[in-house]
Each structure stands twice: as C-alpha cells, then as structure tokens.
Amino acid sequence: MPELLIELFCEEIPARMQQQGGETLLRLLDEALAPLNPTNAVAYTGPRRIAASLTVMDEVPGRTISERGPREGAPEKALEGFMRKHGVTREALVLSNGFWLLERDEPALGAQAHIAATLPDLLRRFPWPKSMRWGVGSAFTWVRPLRRILCLLDGAVVPFSLAHGDDNGHGLQADALTEGHRFLSPGAVSVNSVANWAETLRARHVMVDATERRQSITEGLNALATSEGLSVVPDTGLVDEVAGLVEWPVPFLGRIDSVFMDLPPEVMQVSMRVNQRYFALRGSDGSAAPRFAFVANIAPTDDGTLIVTGNERVLRARFADARHFWDLDRRQSLESRLGLLDAVTFHAKLGSLGERTRRMTRLAGLLAPMVGAPVAECERAALLSKIDLTTGMVGEFPELQGVMGGYYATHDGEAASVALAVREQYTPRGPGDAVPTAPVSVVVGLADRLDMLCAFFAAGEKPSGSGDPFGLRRAALGIIRLIRENGLRLDLVRLFTLAAEALPPELRDAPDLALLPQFMAERLRVQLRSEGARHDCLAAISVGNTDTDIVRLLARAQALQAMLETEDGTNLLAATRRAANILRIEDKKDGPHEGSPDPALFQQPEEHDLFTALERVETPVEAAFAEERFTDAMREAASLRPALDSFFEQVTVNAPEPALRLNRLKLLSRLVRMMRLIADFSQIEG
C-alpha cells in the first residue's frame with residue numbers, strides 16, 4: 001500500500017499544543033481519507049512542525065450511486081429541479097417503487113487525486129485551541145504562521161494549494177521540501193519517503209519523534225547529575241514541556257551561588273521551573289544541591305561555557321527576586337496579616353477569604369474530637385491556613401500556597417503540628433500524592449474540602465459534565481482519601497450538615513446541598529474503578545443504605561467482592577437473582593407475597609432444608625453486621641448455597657395449588673429480604 005507523509009512546517013508552536021495538534025491531525029486524516037482505508041498512522045510533533053505518516057489504498061474503488069427523486073406524479077417543476085441539480089435529462093431517470101430514481105456509476109478515483117481534493121479543506125478547518133492570522137490576501141489561520149506543506153505519496157508530491165477563489169492561501173502549495181534546525185542546519189532540503197524524511201532531519205539536527213526527545217532529555221540530564229553524585233528531582237511535566245521547546249536537546253549543568261542556598265528548596269525549584277524551565281537537583285541525602293540542569297536547543301562549539309554562564313547569570317537575578325519576597329514576607333507574622341483576608345473575595349455569593357477562614361476554624365474545632373486531634377491546634381492551623389495567599393512569595397508563585405504558609409508559621413514560632421497542617425492542607429493534590437497522617441493536618445484538610453464542597457454546592461456551582469472550574473471532584477476525592485487512608489469513622493452527612501450551618505443564612509437550605517451524599521458516592525465509585533476494584537459491589541451495598549461511613553461501606557464492599565470470587569458466592573448470586581426475578585414476576589400478578597412461610601405446608605424435604613438453613617443463618621448474619629464482621633456475615637450467607645441449589649433443582653415454586661404456591665413464594669421472599677441485608681444483588685454486573 002502507498003505511503004503518505006504530510007508535514008506542516010510553521011513558526012514555533014507552543015509546547016502545550018503540540019501533542020493535541022498531532023492527535024487532531026491523525027483524527028482528521030482518518031476521517032478525510034476513510035475511502036482509502038488509512039492504516040499504520042503515526043503522528044510526529046515538535047516545536048516547528050506537526051506531521052503524520054500512514055499507508056493508504058491505491059484508489060477509492062468505483063461505485064454505483066442511487067439518488068431518489070420526486071414521487072411519480074409529482075409536479076413537473078419538482079422533477080425539473082431534481083434533474084437540474086444533478087445535470088441530467090429525463091432519459092437518465094427510471095421509475096422504482098413509485099419514485100423517480102437516478103443511478104450513475106462513479107468511477108474509481110486515484111489516491112493522489114482524492115488526497116489533493118480533501119487536504120486543503122482539512123487544513124482550513126483545523127481546530128487549534130488558538131489560531132492567528134498573518135500577512136495579507138488570505139483569511140487562512142494556523143497556530144503560528146504556516147511556512148511549508150510537505151505532502152508525499154510513495155515519494156511523489158501530491159499537488160494542491162491552499163488558494164481558494166480570491167484567497168491566495170499565503171501562496172502555500174504542497175511540495176517535497178522540509179527544513180532542518182533553525183540555527184544549526186537552516187534552509188530547505190528535499191525528501192522522498194518517511195524514513196528519508198526522519199533521517200534527513202536527524203542529519204540536520206532535528207529529532208522528529210517527541211518520545212525520543214523526552215528520552216534523550218531524561219537520559220542526558222540523569223547522566224550529568226550522576227557524574228557529580230546528584231539526582232534530578234523528578235518532573236515529568238517539565239520534561240514534556242522542554243521536549244516541546246527543543247528540536248535537538250543538549251543538556252547542561254549550572255551552578256547556584258551559595259548565597260541563595262538558604263532559600264526554601266521549593267522556592268528554588270518553582271522559580272527555576274516556572275521562570276526558566278530549569279531542573280532542580282538534590283544530593284544523596286535528599287537535600288537541595290547547589291546545581292541546576294537545563295536543556296539547550298543547540299550544540300555549542302565551546303562545550304557550553306558561554307551558555308552555562310549566561311544561564312547562571314539569569315538564575316541569579318531570579319533568585320534575587322525570590323530572596324526579596326522571602327525576606328519581606330517574614331517581616332510580618334502570619335497572624336498580623338489575618339485582616340487582609342477580609343479584603344480578598346472568595347466568591348460573590350460566599351463572601352471573603354476571611355469569612356471562609358472563620359468557617360474553616362469553626363469546623364476544624366468540631367472535627368478535632370472526631371479525629372482525635374487537639375482542638376486548639378486544629379483551630380489555630382485553620383485560622384492561619386489561607387494567610388500566605390496575601391504574601392509576596394505566593395503572589396509571585398501561586399504553586400507555593402500552603403508550602404510558604406508552613407515556612408512562615410515555623411518562623412513565627414507556631415507549634416510544629418500547626419505549621420505542618422498549614423503546609424499539608426492541600427495534599428493530596430492528585431492521585432500520586434501521599435496523604436497527610438498527622439491528626440491536625442487531617443482535620444484542616446477535611447475542613448478545607450468540606451467547606452469548599454458545601455459552599456459551592458449551596459451557591460449553585462456544582463460540577464456539570466466535564467466542567468469543574470472549582471475543582472470540586474478533586475476536593476471530594478481528597479476527602480475520601482483522607483478518610484480511607486487514615487481509617488477515620490466519620491458520618492459524611494453529619495459533616496456536611498455541620499459545614500452548611502456556617503454558610504450565609506440564605507444558602508444554608510440550598511436544595512443542591514442534598515446532592516452531596518450522592519456526589520460523594522459517585523466519586524467513591526470512580527476511585528474504586530481507578531484502583532481496579534469492583535465498584536458494582538459498592539453500588540450493591542449502597543442501595544437503600546443511608547450509611548455514609550466510608551470505612552464501613554468499603555469493608556462491606558470488599559467482603560462482598562471476596563465472597564463473589566468464590567464458587568459458593570457465584571452460585572449464591574445466581575440463585576438469589578433467580579429468586580428475586582421469580583418474586584418480581586409473581587408480585588405483579590397477585591403480590592406482594594410477604595409474611596412468614598408455614599412449615600406445615602412444606603411437601604418436599606428441599607423446602608424444609610431451605611427454611612432450616614434460613615433459620616440458622618439469619619441471626620448470625622444480623623449479629624455479624626451489627627459487630628461489623630462483614631467477612632463472617634458473607635461466609636454465613638454463602639453457606640445457604642447447597643440448600644438453595646437443591647431447592648431450585650427439585651421444587652416447582654409456581655405449584656398448581658394456590659396455598660402451596662403462596663407458601664413457596666413467601667419462602668423466597670424471606671430469602672430475598674435476608675440477602676438484601678447484605679446487598680442488592682441486581683446491581684452486580686455479569
């Protein structure tokens with residue numbers, strides 16, 4: 001099959017848009033070239049180009065097209081309009097099933113012709129997140145000015161132009177030319193295949209594969225760091241960004257002046273990352289090293305001496321700014337800044353950050369006894385938690401909120417637990433973060449997220465679809481992880497009630513507050529799904545269950561999952577579903593069939609056996625649930641399996657005798673009622 005290569009060469013594309021651009025190009029090509037059955041599609045992205053290679057068929061196969069026209073007997077003008085539209089005469093039409101029908105053969109179309117016909121429109125409608133116009137004479141837009149279009153089919157140029165009517169398309173036409181590195185290998189060069197394109201560009205200092213550039217950056221930085229007994233602070237996001245900034249990555253190490261080494265390591269790392277895209281290094285003991293790493297886009301002739309010196313000079317200026325904020329912020333205690341929070345709006349309906357802080361302080365005091373934390377320290381940490389938002393350092397680097405508060409609290413002489421809680425209030429930020437375990441930190445983290453959820457739900461700002469501008473789903477997952485990983489026995493509904501009591505009076509009874517338990521349940525299912533656990537087990541034990549103790553719910557779900565993974569559990573599930581289905585059908589006829597079965601009416605031993613088994617199991621199951629011995633409860637329930645199997649094999653539930661049928665349905669009803677203490681098995685998948 002012919003090989004297609006298309007490269008779109010332009011000015012520097014923002015790193016954050018490159019991967020999406022490559023994925024979009026593949027998607028649009030797959031749609032536009034569908035008649036050619038494209039396969040083996042690969043995207044290539046970089047600072048100045050996005051490209052794609054794929055294989056296609058030689059031609060679009062010929063076909064017969066049928067177009068149905070007006071009904072027989074329709075007005076003549078309708079028929080004339082149909083013929084005029086398709087450029088045919090009446091002789092080309094036939095009658096079929098009461099309609100005029102036009103059938104015509106569409107000949108096969110070569111791949112080159114189809115590609116040339118479809119690509120101009122594809123490029124004109126390419127959906128970049130942000131596009132720009134340039135030059136004159138064309139309304140064509142691209143992420144940055146587009147300079148070249150390379151399009152080859154089996155080595156031959158696919159000729160097309162972006163000109164359209166009076167729009168000159170910036171004079172862009174497809175050819176076989178690409179360009180190498182802007183500085184190391186400037187100028188155009190001709191290529192004739194995908195392999196030749198990649199090899200030619202590599203010879204001209206361009207790595208076309210973003211994955212290869214990422215690997216080169218990682219390995220190069222690690223090698224340099226290891227040579228000095230250091231390690232690179234992991235930062236996948238920064239590696240991805242730098243890979244989108246350079247075409248020919250060349251790593252270097254620079255030195256940090258000792259005068260700046262007393263700055264908090266987080267300040268140095270964030271300043272280097274945000275301002276200069278530098279990588280932080282650390283020593284074998286984990287402490288910040290007086291070195292930094294960076295990646296250049298050229299291979300200098302002086303071994304990088306000039307480049308390293310220049311970057312060290314720039315970093316000194318950046319750290320001098322950080323030093324200014326660090327020294328200035330510590331001149332005032334956190335507590336002295338407390339009044340500034342009243343001047344910072346949190347949300348139009350929810351008041352200022354000062355009001356939010358007071359709500360959190362109250363809630364932290366209520367949560368402290370539930371978690372086993374000292375009340376005074378929890379209230380103090382909550383009171384100080386948001387004050388670092390008013391400092392110069394956090395104003396410059398918002399990523400450091402919480403972290404700087406912890407440093408400033410320590411500087412002010414606050415208790416170690418208070419400073420740690422201020423620092424850890426936002427963790428876990430994501431699924432890879434560790435969860436705080438210090439009691440005061442846990443309390444402040446819960447107070448922060450509980451207030452956030454209640455406040456925004458009450459204000460009508462709950463998430464919708466994929467939109468979650470206030471990060472409420474992340475806040476909910478944070479609550480779940482704080483509770484789960486610390487084994488806290490908390491009633492979420494009560495916690496939400498306590499949090500809502502401090503909201504502005506007009507929001508305390510907002511209807512959306514009632515949605516919070518279900519919102520949390522959905523987040524818990526998402527969390528279990530991400531862990532590979534059976535979220536349907538959680539759904540099964542949640543139906544009709546008002547319990548919001550996450551630890552207890554998960555213990556029940558885990559015990560249920562363990563039971564269902566056994567043979568007895570699988571068969572018990574099938575039998576219980578069968579019993580529930582029979583009852584549902586029969587209840588529609590003349591139900592409900594409630595009440596206790598009468599043993600005197602049993603005619604077969606299997607009825608007695610199931611009744612006896614239920615009598616034996618019910619009390620132990622109820623006791624095990626009351627004592628939270630869920631595994632024991634599941635084991636007792638699973639012991640019903642032999643009696644159930646025999647019952648369904650030997651007993652006809654819908655007996656012809658009405659009294660006997662009713663008694664057997666009552667027996668099944670008793671079974672289903674007891675099993676619903678365990679779970680609603682209709683929620684179990686499979």
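**Helices, salt bridges and backbone geometry in a predicted model**

Q: In which helix do Arg-635 and Asp-632 both lie?
A: Arg-635 and Asp-632 are 3 residues apart, about one turn of the helix. An α-helix has 3.6 residues a turn, so residues three or four places apart point the same way. With helices (H or I, at least four residues) and strands (E, at least two) taken as DSSP runs numbered from the N terminus, the element that holds both residues is helix H22 (residues 630–638).

Q: What is the N to O distance in the salt bridge between Arg-635 and Asp-632?
A: This is a predicted model, in which local features need pLDDT of at least 70 and side-chain atom pairs count only at pLDDT 80 or more, while totals for chains, interfaces and linings use all residues. Residues are numbered from 1 along each chain as its sequence is written, and side-chain values use heavy atoms, with hydrogens and water left out. A salt bridge here is a side-chain nitrogen of Lys or Arg within 4 Å of a carboxyl oxygen of Asp or Glu. The side chains of Arg-635 and Asp-632 meet in such a bridge, with an N to O distance of 2.8 Å.

Q: Which residues are linked with Arg-359 and Asp-451 in a network of salt bridges?
A: By the rule for salt bridges, the count comes to 49. In one network, Arg-359 and Asp-451 are linked with Arg-356, Lys-386 and Asp-448.

Q: In which helix does Arg-484, the partner of Glu-531, lie?
A: Glu-531 forms a salt bridge with Arg-484, the closest N and O atoms being 2.9 Å apart. The pair ties together parts that are 47 residues apart in sequence, because Glu-531 lies in the loop between H17 and H18 and Arg-484 in another element. Glu-531 is partly exposed at 43% relative accessible area, as is Arg-484 at 28%. The element that holds Arg-484 is helix H15 (residues 472–486).

Q: Which helices are included in what covers the buried residues of H18?
A: Helix H18 (residues 535–542) is mostly covered, with 7 of its 8 residues buried, among them His-535, Cys-537 and Ile-541. Where contact means heavy atoms within 4.5 Å, the cover includes helix H17 (516–530), helix H19 (550–564) and helix H24 (658–678).

Q: What is the omega value of the peptide bond from Thr-427 to Pro-428?
A: Most residues other than glycine have a negative phi, and most peptide bonds are trans. Pro-428 is found in the loop between helix H13 (416–424) and H14. The bond from Thr-427 to Pro-428 is cis, with omega near 5 degrees.

Q: What is the phi value of His-205?
A: His-205 is found in the loop between helix H4 (194–203) and helix H5 (210–227), and counts as partly exposed at 23% relative accessibility. Phi of His-205 is positive in a residue other than glycine, near 65 degrees.

Conventions. Buried means under 20% relative accessible area, exposed over 50%, partly exposed in between (1.4 Å probe, protein chains only).
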